[in-house]
Amino acid sequence: MQLGFQVRMNPGLFLRDPDSSEVGKQIIKRSIDLIAEMGYEKFTFKKLANEIPSTEATVYRYFENKHKLLIYLMDLYWGFIEFQVLFQINNLSDPESKIKKIVDLLVWEDNAEQTFLDLDQKALYHIAVAESSKTYLSKDVDEHNKEMFYKPYKDLCSLIASIFEEYNPDYAYSRTLASSVIELSHCQFYFMNHLPNLCDFSKRKDPKEVEAFLESLIFSSLKSA
């Protein structure tokens with residue numbers, strides 16, 4: 001299912017808007033492919049330029065460094081997940097059903113029919129799983145926070161927290177639970193596939209088992225207040 005989706009990106013992340021040219025769009029598209037394939041650490045602008053194909057100098061005209069490019073990609077991802085949540089829960093009145101839909105969208109692996117633009121959504125999801133924490137586990141986190149680089153992530157957390165509050169207005173830790181669930185959805189999926197002794201889902205490697213764990217955690221927490 002192709003959904004209409006647009007997100008306004010923070011101009012502080014780029015030197016030239018990559019959406020303004022075909023080269024810029026290729027930078028985004030190919031960087032997703034390469035980071036998903038080789039990982040953030042081995043990814044370089046030189047390797048990206050060879051894939052476009054273009055020059056390394058051209059890539060630097062769009063992005064100051066690969067860290068800001070990673071934040072750009074993750075902001076794109078968080079914006080799309082927020083869009084998906086709003087779209088999918090729009091006709092749901094029961095907060096329990098909304099929460100279950102949110103969990104399903106966070107563990108995106110089994111939602112491959114939902115795509116946007118011409119980017120590889122599955123690759124972007126796997127980047128989020130493996131690399132998204134690197135956007136804020138940085139010495140520049142406070143400066144980047146002041147520049148509102150993490151706003152899409154915060155907006156998604158706030159949206160999820162509001163659904164938790166809808167389920168139980170007396171629960172005191174809705175934002176903490178929201179950010180924890182997002183992070184757990186990634187690390188448990190990662191453990192399932194790479195560090196199986198750290199989870200209970202390694203035998204079948206079924207994303208639905210991760211979802212069941214997250215639902216159990218959420219509802220047991222919300223009902224405890």
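Which residues does Leu48 touch, not counting residues up to four places away in sequence? The points below take up this matter and then other features of the predicted model.

1. The surroundings of Leu48. With residues up to four places away in sequence set aside, Leu48 touches Ile27, Arg30, Ser31, Leu34, Phe43, Val59 and Leu69. Leu48 is also a member of the largest nonpolar core, which holds 66 residues. Together with Phe63, Leu73, Met74 and Tyr77, Leu48 touches the most other members of that core. Helix H4 makes the greatest contribution to this core, with twelve residues. As a general background, nonpolar side chains tend to be buried together in soluble globular proteins.

2. Helix H9. The helix H9 covers residues 174-194. Its 21 residues should span 30 Å at 1.5 Å a residue, and this agrees with the 30 Å between its end C-alpha atoms. Its buried residues are Ser174, Leu177, Ala178, Val181, Ile182, Ser185, His186, Gln188, Phe189 and Met192. In an α-helix there are 3.6 residues a turn, so residues three or four places apart point the same way. The cover over the buried residues of H9 includes H4 (66-89), H5 (95-106), H6, H8 (151-167) and H10 (207-224).

3. The largest cavity. The whole structure contains one cavity of 30 Å³ or more. The volume of this largest cavity is about 60 Å³. Its lining consists of Ile71, Met74, Asp75, Trp78, Ser132, Thr135, Tyr136, Tyr150, Tyr153 and Glu183. H4 provides the largest share of that lining, four residues. Sorted by class, the lining has six nonpolar, two polar and two charged residues.

4. At least two lining residues come from each of H1 (22-38), H6 (121-131) and H9. The most is given by H6, with five residues. By class, eight residues of the lining are nonpolar, four are polar and two are charged.

5. Backbone features in loops. The peptide bond between Ile52 and Pro53 is cis, and its omega is near -10°. Pro53 is situated in the loop between H2 (45-51) and H3 (56-62). Two residues other than glycine may be noted for positive phi: Met148, with a value near 65°, and Lys205, with a value near 50°. Met148 belongs to the loop between H7 (141-146) and H8, and Lys205 to the loop between H9 and H10. The relative accessible area of Met148 is 47%, so this residue is partly exposed. Lys205 is likewise partly exposed, because its relative accessible area is 38%.

6. Glu209. Apart from neighbours within four places in sequence, the residues in contact with Glu209 are Asp200, Phe201 and Arg204.

7. Pro11. This residue belongs to the segment before H1. Its relative accessible area is 57%, so Pro11 is exposed. Pro11 and Tyr72 are 61 residues apart along the chain, while their C-alpha atoms are separated by 9.7 Å.

Terms used
Residues are numbered from 1 along each chain as its sequence is written. This is a predicted model: local features need pLDDT of at least 70, side-chain atom pairs count only at pLDDT 80 or more; totals for chains, interfaces and linings use all residues. Side-chain values use heavy atoms; hydrogens and water are left out. Ala, Val, Leu, Ile, Met, Phe, Trp, Tyr, Cys and Pro count as nonpolar, Asp, Glu, Lys and Arg as charged, and the others, Gly among them, as polar. The expected span of a helix is 1.5 Å times one less than its number of residues. Buried means under 20% relative accessible area, exposed over 50%, partly exposed in between (1.4 Å probe, protein chains only). Contact means heavy atoms within 4.5 Å. A nonpolar core is a set of buried Ala, Val, Leu, Ile, Met, Phe, Trp, Tyr and Cys residues joined through side-chain atoms within 4.5 Å. On a 1 Å grid over the protein atoms alone, a cavity is a set of points where a 1.4 Å probe fits but cannot get out, and a pocket is an open set with protein on both sides within 12 Å along at least five of seven lines; lining residues have an atom within 4 Å of a point. Grid points are joined across faces, edges and corners, and a volume is the space filled by probe spheres set on the points.
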